[in-house]
Amino acid sequence: MGKYILKRCGYIVVVFLILSFLMYSLYNLIPTDPARQELEPQRKGLKADEYQMLYQQLRKEMGLDDPLVVRYLRWMGLWQDTDGTFNGVLEGNFGYSNLYKRNVVEVIQAPMGNTIFINIFSTIASLSITIPLGIYCAVHKGKRFDSATQVVTMLGYSIPVYIIALIFMYIFCVLWRVFPIMGQKTAGMEYANSWEEFVDMLYHIALPVIVMTFGSLGGMTRYVRSSMIDALSMDYIRTARAKGLKEKVVIYSHAWRNALLPVITSILGWFLGIFGGSVIIENTFSLNGMGKLYWQGLNNMDFELVLAIQMFYSIVSLVGSLLIDISYGLVDPRVRVDK
Amino acid sequence: MAKKKGFFLTRWLKRGVMGSDQEVKDIMQEEQVQTPFRTMLRNFLSKTTVRVGLVGFFLVFLFVLIGPRYWVLDLSEQDSTLINLPPSQNMMSVPSEMKGKIADIAAGRTYGVGLDTDGKLHTWGYTRITEKINVADIPKEVQEADIVMFAAGDDHVVALDKNGQLYVWGNTRLQQGNFTSDMKKKMKDPDESWDIIQLEASNQFSAAVSSDGTLYLWGNSNLADIKLRSQYQGQVAKVALTSNEYICLLKDGTVAYTGFKDKGSAFAAIPEALKATKVVDIASTSSTMAAVTEDGRVVVWGNDKNGEKSVPEFSAPVKKLYGGRFHYTALLENGDVVCWGSNKYGQCDVPAAVAHGAKIREIYTGNFQNYAVMEDGSVQTWGLKGFILGTDNLGRDLLTRIVNGGRVTMTVGAISVIIATFIGVVLGGLAGYFGGKTDLLIMRIAEVVGGLPFIPFAMILSAVIGSRLDPTQKMYLVMVVLGVLSWTGTCRLIRAQILAQREMEYVTAAKAMGIKEGVIVFRHILPNVLSLLLVSMTLDFATCMLTESGLSYLGFGIPLPTPTWGNLLKGANNSVVIQQYWWQWVFPASIFGVCTICINMIGDGLRDAVDPKSAER
């Protein structure tokens with residue numbers, strides 16, 4: 001098992017390097033010239049040849065003329081900068097955000113916390129709904145409740161999440177006025193203590209989380225249901241029933257453990273779907289999260305910020321796949337023995 | 001081996017539909033044996049959800065396919081007078097209690113005001129100006145007064161009563177109701193002569209002409225040129241207003257630009273043709289002016305954008321001329337009615353009952369509406385009735401945008417599915433058949449690509465590559481991006497299928513015959529997994545449409561003004577739109593929802609039909 005995890009970790013590091021290199025080169029397709037940008041304010045006071053000299057010098061200092069691989073390694077912090085130090089992503093320097101006029105690391109801290117909180121929250125919420133629901137539907141296959149759930153889940157995964165958001169906004173914010181329509185805190189509110197602040201935030205993110213949970217119910221419920229039906233149709237279930245085991249034991253101990261395998265494989269894609277979907281949700285509800293920041297960064301051409309967020313998404317997907325692999329190993333004995 | 005006839009795809013289809021070319025020897029056998037395709041088709045069509053899905057999808061598909069022919073998209077379309085109109089067809093519905101006793105009508109922007117012979121005022125059409133302001137809320141003093149004359153502007157109504165008192169209601173926040181000091185004096189003092197013969201209202205300003213030739217102008221002076229050069233005061237016979245300027249017909253029969261913009265105005269250059277002759281009537285559209293000469297000709301000048309200057313040949317001299325927003329309506333001496341200019345909303349389609357020699361008492365023309373009141377008191381209308389699905393925040397017809405947007409969304413979805421399927425089939429086929437290192441490499445790539453959060457990556461590709469592209473190229477880019485990011489599912493499916501099929505006897509047989517490996521994969525094995533491929537394509541189609549719309553919603557898909565179902569909803573995440581302009585998001589959202597639900601129903605049914613094991617679920 002330990003060897004297996006190590007192997008997966010190594011694989012992830014390689015994939016991360018490849019991905020980040022691809023992303024970095026993608027950004028280098030954009031025609032920008034930081035040296036020119038930096039010299040622009042002094043340009044008027046300089047003669048043409050002085051300017052040219054300074055410009056070339058600055059280009060050299062910034063290392064803009066070096067090959068792409070070298071620049072990439074510098075950005076990663078694996079190659080010496082022109083002044084001989086290592087100063088890159090691995091040292092915690094993600095660059096400078098032109099939009100916010102601050103270091104990217106400072107800019108993304110708070111939104112990252114929010115996004116992770118919202119996503120984990122809604123993942124847990126929807127898993128705790130979909131799994132029991134899927135099992136129940138599989139056990140009561142063909143009954144009225146099952147058919148109704150099939151229809152509702154079909155609606156859930158056919159309708160785009162922002163339409164669900166609009167409908168929920170209309171119902172909860174306009175008709176019933178239960179939740180605030182946008183934002184993350186009550187405007188102009190002074191909090192007595194951090195607990196109050198937390199409660200206010202929960203109140204504001206309640207609707208986004210509900211929408212995200214609702215939007216992600218459909219696919220997962222269907223998946224749990226179908227893999228559970230597969231498991232229940234196996235011979236060992238008949239044997240277990242023939243042995244006179246209780247129905248609960250048959251379902252949760254025999255069938256569910258086997259149905260879990262395909263479910264786990266599909267959780268990764270689904271979890272990433274939630275993360276991607278949170279870009280839309282955060283923009284719809286104006287939440288201060290990574291998705292919103294990413295959107296702003298892309299719209300304002302703040303590419304160092306965008307690159308950093310992109311790395312965040314890549315890491316989320318890779319760590320997610322690692323976690324899935326590990327849990328796969330935990331659930332499936334064959335994986336433990338084999339690899 | 002006999003040479004096979006026909007293209008391989010046709011042969012597959014033929015084999016699929018009619019079975020192998022073996023002759024059926026026994027009738028009993030024929031009844032029992034059914035080709036797999038027929039079994040699939042029967043299973044497929046036996047489900048209610050599938051039937052509903054098929055019907056629904058084909059309705060939407062036909063709507064989107066044929067619709068653009070009738071609702072032609074004009075990308076540059078916008079009209080400030082038609083913004084945020086709710087679905088309605090009642091802009092010209094004169095109330096039934098007025099029928100037969102119409103005394104006067106004024107056509108406003110999207111509404112009409114009418115006076116019946118009992119002296120009661122009525123309003124119809126879309127009368128709401130803002131959430132609070134409604135032209136239909138006629139003030140009490142107006143209802144009680146004896147109104148003799150009134151005019152409807154873009155967002156306000158002006159009325160004059162028998163005692164010479166003027167009233168303004170509707171939007172009065174922008175000085176629409178601020179009378180000048182002489183007007184106030186005249187209204188207060190009954191001895192002063194104040195015999196108003198014409199009342200006009202336009203975009204936030206109004207004008208009145210009295211019988212002694214005095215022109216009174218009032219309203220929002222920031223927007224409109226509402227001053228009069230003093231040498232013309234006392235000579236004005238008639239006034240015509242555009243959306244921010246005006247022109248006067250003087251008592252001596254000449255037309256004069258009497259405002260202060262002079263050279264800055266397109267109207268100041270009065271055509272030479274008018275100088276030699278006497279003018280009897282003037283009218284205006286939003287950007288042109290027209291004058292009727294003594295001998296019944298019409299001369300148009302100004303900024304001609306919609307064909308107002310192409311005056312048609314008249315069968316008789318023009319008696320009276322009326323101006324809408326982009327069109328003119330002329331009443332001829334012989335009673336014929338002729339319209340020209342923009343005919344976008346049918347405002348130039350004069351009904352047959354009016355067009356030739358009918359007994360017309362009076363014609364009223366406003367924005368896009370025309371009313372003809374006949375001698376017998378009945379009323380004929382033509383022009384813009386309203387919008388079936390309302391308009392958006394730039395005054396564009398939502399129905400047109402939904403129909404054309406659907407076409408774009410579906411095309412993008414279909415093409416990206418084809419791209420994704422192509423990549424998936426080729427890579428999956430290679431990985432599945434050759435195995436080993438090829439398999440490992442391809443599956444690792446698939447794992448990485450499939451493991452990326454989709455929307456952020458699609459956004460970045462669209463932003464970085466798309467920054468230098470024009471809208472059409474960007475549309476192609478979105479198709480390619482969607483295709484390139486969503487092939488992994490198909491690839492995995494094909495690989496798994498081929499791994500299973502590779503062990504079958506027919507593949508061994510093909511190998512034994514010495515057929516090349518590439519041919520075995522793509523021409524022997526692939527037809528056997530075609531049905532599963534079809535299922536995944538159907539489901540992917542819905543997913544691609546959803547993703548495209550998500551991207552467009554965020555502003556990284558198809559750029560405006562090209563409509564798609566996604567970017568129609570882009571403006572909707574705004575509390576004002578959600579609360580007040582419900583039609584702007586409900587209609588696009590519902591047709592899109594119906595479409596994807598139908599496709600998913602078909603896809604699910606197809607999967608159940610193709611894979612009997614999944615049907616048991």
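The domain bounds used here come from an automatic or database domain assignment. On that basis chain B is divided into domain 1, covering 96-383, and domain 2, covering 406-616, and the centres of domain 1 of chain B and domain 2 of chain B, taken over C-alpha atoms, are separated by 57 Å.

This is a predicted model, in which local features need pLDDT of at least 70 and side-chain atom pairs count only at pLDDT 80 or more, while totals for chains, interfaces and linings use all residues. Residues are numbered from 1 along each chain as its sequence is written, with chains lettered from A and ligands numbered from 1 in the order in which they are written. For the complex the predictor gives an ipTM of 0.85 and a pTM of 0.84. Chain B has an average pLDDT (the predictor's confidence in each residue, from 0 to 100) of 83, and 94% of its residues score at least 70.

Chain B contains an open sheet of three strands in the order S1-S2-S3, with antiparallel pairing. Here helices (H or I, at least four residues) and strands (E, at least two) are DSSP runs numbered from the N terminus, and two strands pair if DSSP finds at least two bridges between them. Strands S1 (102-107) and S3 (121-125) of chain B stand at the edges with a single partner strand each, so one side of each is left without a neighbour in the sheet. S1(B) is joined by five bridges to the antiparallel strand S2 (residues 111-116) of chain B, and B:Ile105 stands opposite B:Gly114 in S2(B).

In chain A, two residues other than glycine have a positive phi: A:Arg177, near 55 degrees, and A:Ser286, about 50 degrees. A:Arg177 is in the loop between helix H7 (161-175) and helix H8 (194-232) of chain A, whereas A:Ser286 is in the loop between helix H10 (247-284) and helix H11 (290-299) of chain A. Burial is judged by the other C-beta atoms, placed from the backbone, within 10 Å of a residue's own: 20 or more for buried, 12 or fewer for exposed, and partly exposed in between. A:Arg177 counts as exposed because it has 9 such neighbours inside 10 Å, and A:Ser286, with 15, is partly exposed.

A:Met112, in helix H5 (residues 104-139) of chain A, is partly exposed with 17 other C-beta atoms within 10 Å. Leaving aside neighbours within four places in sequence, A:Met112 is in contact (C-beta atoms, placed from the backbone, within 7 Å) with A:Met290 and A:Phe312. A:Met112 and A:Gly289 are 177 residues apart in sequence and 6.1 Å apart in space, C-alpha to C-alpha.

Notes: Contact = placed C-beta atoms within 7 Å.
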